[in-house]
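Here is a friendly walk through one protein model, taken a region at a time. Please keep the structure open beside the text as you read.

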Amino acid sequence: PDADAIIVGAGPAGLACAAAMRERGLRVLILEKAATVASVWRGHYDRLHLHTDRGHSGLPGMPMPRGYPRYPSRAQVVEYLENYAAPFDLQPVFDCAMRTVRREGTNWHIDAGHRQFVAPVVVIATGWADFPHRPTWPGADDYRGRIMHSRDYRNPASCAGKRVLVVGFGNSGGEIALDLAEAGVDVTLAVRGPVQILPRELLGMPILTWAIAQTRLPARVADFINAPAIRLAVGSLKKLGLKTPAKGPRRMIEEDHRVPLLDVGTLARIRDGSIVVRGGIKRFTPDGVAFVGSPAEPFDDVILATGFRPDLRALLPDVGGVFDERGMPLATGQ
């Protein structure tokens, strides 16, 4: 074998796994298809900050620098990941894109095109953001404006003077809409269904601190305890044209694997009218979009903040019974 373990991907998960294995004396080889570590993070939109606080966001063996703000920026995350590799002597093989992994006897054989690798253990740490989900709607082929995924959005400069529709009210959609609104862009949010929204901080503490403190509580109990404080912090969503799901945030995460939106200022912009809320998309027109429950409106650009759907079946073509119908692992480790 080339190593005791091969890790595919030099992002946060891949680097963390490699460091933990090296600490236990294993020979580790990291394969990265890009030319640098943290390649996905380098491509995120400019204003992105972590929604989790600095104290809970460091990787094993190396906390984030104290000089970073409570919620580090995208650039600071990249800097941190660059610096993380050195103390653990992590030296990824760059420009090495994995094609497939196949089991032969007690080892896994990785086909990386011009190179082949063998190891008894393989960790797939390819992340989420390389697999953008792009839904389709009637009339989209005839739309004359620009349709782009949130992965391709950088900053409001290219949208100046335009009417922009952001589709989806997850964390990316909420922050991109906020980014556009703060730059004076005419922005509308298409929100298809109920949304669960949490404040990024509650009573002065990061919301993640509360979640960690309540880990041992059943989801229903934690949601019941937290509901009054969250309602007070977030305010009425109904008045903003938004629907609240029947499940609380903990149940939504555990049962539906959906992460609530952590509000970083988007709701205030909806309240003051800088961001307009509409329902789900019914169809595209040549000049815009018609919504469920409201007529068509013109838009110059449409940004799909519709998430990511990794499908690992192509990487592991000979492995059966371990993926669901979308290509995600049946066993999540939770």
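The report below looks at strands, helices and a pocket in turn.

## The model

Please keep in mind that this is a predicted model. Residue numbers start from 1 along each chain, following the sequence as written.

## Strands S1 and S2 with helix H1

Let's begin with strand S1 (residues 5-8), which pairs with S2 in the parallel sense over 4 bridges. Together with helix H1 (residues 12-23), S1 and S2 build a right-handed β-α-β unit.

Strand S2 (residues 28-31) has cover on both of its faces. Val 28 and Ile 30 are buried on one side, and Leu 29 and Leu 31 are buried on the other.

Next comes helix H4 (residues 171-182). Its end C-alpha atoms are 16 Å apart, which agrees with the 16 Å that its 12 residues should span at 1.5 Å a residue.

How many of the 12 residues of H4 are buried? The count is 10, so the helix is mostly covered. Among the buried residues are the glycines Gly 173 and Gly 174, and also Glu 175, Ile 176, Asp 179 and Leu 180.

Which elements do the buried residues of H4 pack against? Their partners include strand S8 (163-167), strand S9 (186-190) and strand S13 (261-263). Helix H8 (266-271), strand S14 (275-278) and strand S18 (301-304) are also packed against these buried residues.

Strand S15 (residues 281-284) pairs with strand S16 (residues 288-291) in the antiparallel sense, over 3 bridges. The two strands form a hairpin, with 3 residues between them. Within this pairing, Arg 283 lies opposite Ala 290 in S16.

S16 is also joined by 3 bridges to strand S17 (residues 294-298), and these two run antiparallel. Here Val 289 has Glu 297 in S17 as its bridge partner. The hairpin of S16 and S17 has 2 residues between the strands, and in it Gly 293 adopts a positive phi near 90 degrees.

## The second largest pocket

Finally, have a look at the second largest pocket, which holds about 290 Å³ of space. It is lined by 16 residues, and those closest to its centre are Gln 196, Ala 227, Ile 230, Arg 231 and Thr 244. Helix H6 (residues 219-234) gives the most to this lining, contributing 5 residues.

Methods:
Predicted model: local features only at pLDDT ≥ 70, side-chain atom pairs only at ≥ 80, totals over all residues. Heavy atoms only, no water. Expected span 1.5 Å × (residues − 1). Buried < 20%, exposed > 50% of the residue type's maximum accessible area, 1.4 Å probe, protein only. Contact = heavy atoms within 4.5 Å. Pairing = 2+ DSSP bridges. Right-handed = clockwise from strand over helix to strand, strands pointing away. 1 Å grid on protein atoms, 1.4 Å probe; cavity = no way out; pocket = protein on both sides within 12 Å on 5 of 7 lines; lining within 4 Å. Points joined across faces, edges and corners; volume = space filled by probe spheres on them.
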